[in-house]
Amino acid sequence: MILLDEIDSSLKDLKKRSLIRKRVVVSGRKKNKIKINGRWLINFASNDYLGLSQNSSIKKAIISGINKYGNGGSSSHLVSGHTEAHQNIEKITKNNIGFASSILFSSGYLANLGIITTIAEKDSFIYADKLNHASLNDACILSRGKFIRFPHSDMVALENHLKKNKTKKKKLIVTDGVFSMDGDLANIPDLIKLAKKYDAYLYIDDAHGYGILGKSGQGILEHFEKKDSIKKISKERIIYTLTLSKAVGISGALVCANKKIVDLVINKSRAYIYTCLLYTSDAADE
Ligand SMILES: *Cc1c(COP(=O)(O)O)cnc(C)c1O
């Protein structure tokens, strides 16, 4: 608990170290430009990689969804908020990404929290790349599993950790697909090999890869699909999360996994159960 007089000194300290954060107020957005303080500027600082946040058919689908279902989700998925539109988006992943099942969260942050805290428990060992996104680190800490961070992309260090805990049953490797600060790619083929060899699950957060990597934009698994380890992979041991808030230009996240994991999430994930859901766009009318 931070004491009231500590708040001042904490903020002062951030200011002194030039670390204080300020929000820029945007008053308009058109194509690649944003309006700040009355001026239109070219925006080099966004995740809208394909410009889809301005796409007119997606806008129409969202408006049509609002007309059909109303402005908000009105309740959580397990009460009465789960619509046909949510159900349909979960089906897409089966054909496109090749996972048996998927589940929609209202943000990438919540998806990471909701999945990792559900599948990892006190007696789990979690191996996480040092440069993973903050939301993954928060999820690992919150799961109360043993949180082991290995140096960035160091497969030897990761294998050494896995070897040490060879006899432990519950193991989860956690990685960004495209690392969000440096833009480099995780070594997915080797991570899959290690997951297989040591009987671990592999969790991939592909927030920056989906829509960008792979010949049809299906993300990092498609990008590496020609590699032998990927060709032969059983997706049973992979959990693949794509966010809709980056290249797709809207919000939300889809977690692709085997059906048992999705069923467990529906039943146990606090970050899925205890939150209202995403507004509904109605792509079915397009
Ligand atoms: C942006 C980002 C998230 C969070 O996604 P939101 O949908 O914005 O909550 C999660 N993981 C990574 C790697 C990200 O870059």
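**Strand, surface and ligand site in a predicted model**

Ile 36 is located in strand β2, which spans residues 33–36. The structure described here is a predicted model. With a relative accessible area of 18%, Ile 36 is buried, because the cut-off for this class is under 20%. Val 26 stands 10 residues from Ile 36 in the sequence. In space, the C-alpha atoms of Ile 36 and Val 26 are 5.1 Å apart.

The surface was examined next. A nonpolar patch is formed there by Ile 2, Leu 4, Ile 7, Leu 11 and Ile 20. Together, these residues have about 450 Å² of accessible area. One of them, Ile 2, belongs to the segment that precedes helix α1 (4–16). Ile 2 has a relative accessibility of 43% and so counts as partly exposed, since this class lies between the limit of 20% for buried residues and that of 50% for exposed residues.

The ligand site was then considered. The ligand is surrounded by 14 residues, of which Gly 108, Asp 205, His 208, Ser 245 and Lys 246 are the closest. By residue class, the shell around the ligand consists of nine polar, three charged and two nonpolar residues.

In the side chain of Asp 205, an N or O atom is 2.5 Å from a nitrogen atom of the ligand. For Ser 245, the corresponding distance is 2.7 Å, between an N or O atom of the side chain and an oxygen atom of the ligand. His 133 has a polar side-chain atom that lies 3.4 Å from a nitrogen atom of the ligand. On its own, the ligand has 380 Å² of accessible area, and the protein covers 84% of this area.

Terms used: Residues are numbered from 1 along each chain as its sequence is written. This is a predicted model: local features need pLDDT of at least 70, side-chain atom pairs count only at pLDDT 80 or more; totals for chains, interfaces and linings use all residues. Side-chain values use heavy atoms; hydrogens and water are left out. Patches are made of residues with over 30% relative accessible area and no salt bridge: like charges are joined within 9 Å, nonpolar side chains (Val, Leu, Ile, Met, Phe, Trp, Tyr) within 5 Å. Accessible areas come from the Shrake-Rupley method with a 1.4 Å probe; for residues, only the protein chains shown count as cover. A salt bridge is a side-chain nitrogen of Lys or Arg within 4 Å of a carboxyl oxygen of Asp or Glu. Helices (H or I, at least four residues) and strands (E, at least two) are DSSP runs, numbered from the N terminus. Buried means under 20% relative accessible area, exposed over 50%, partly exposed in between (1.4 Å probe, protein chains only). A residue is near a molecule or strand if one of its heavy atoms lies within 4 Å of it. A polar contact is a pair of N or O atoms within 3.5 Å; within protein, one must be able to donate a hydrogen and the other to accept it, and residues adjacent in sequence count only if both atoms are side-chain atoms. Ala, Val, Leu, Ile, Met, Phe, Trp, Tyr, Cys and Pro count as nonpolar, Asp, Glu, Lys and Arg as charged, and the others, Gly among them, as polar.
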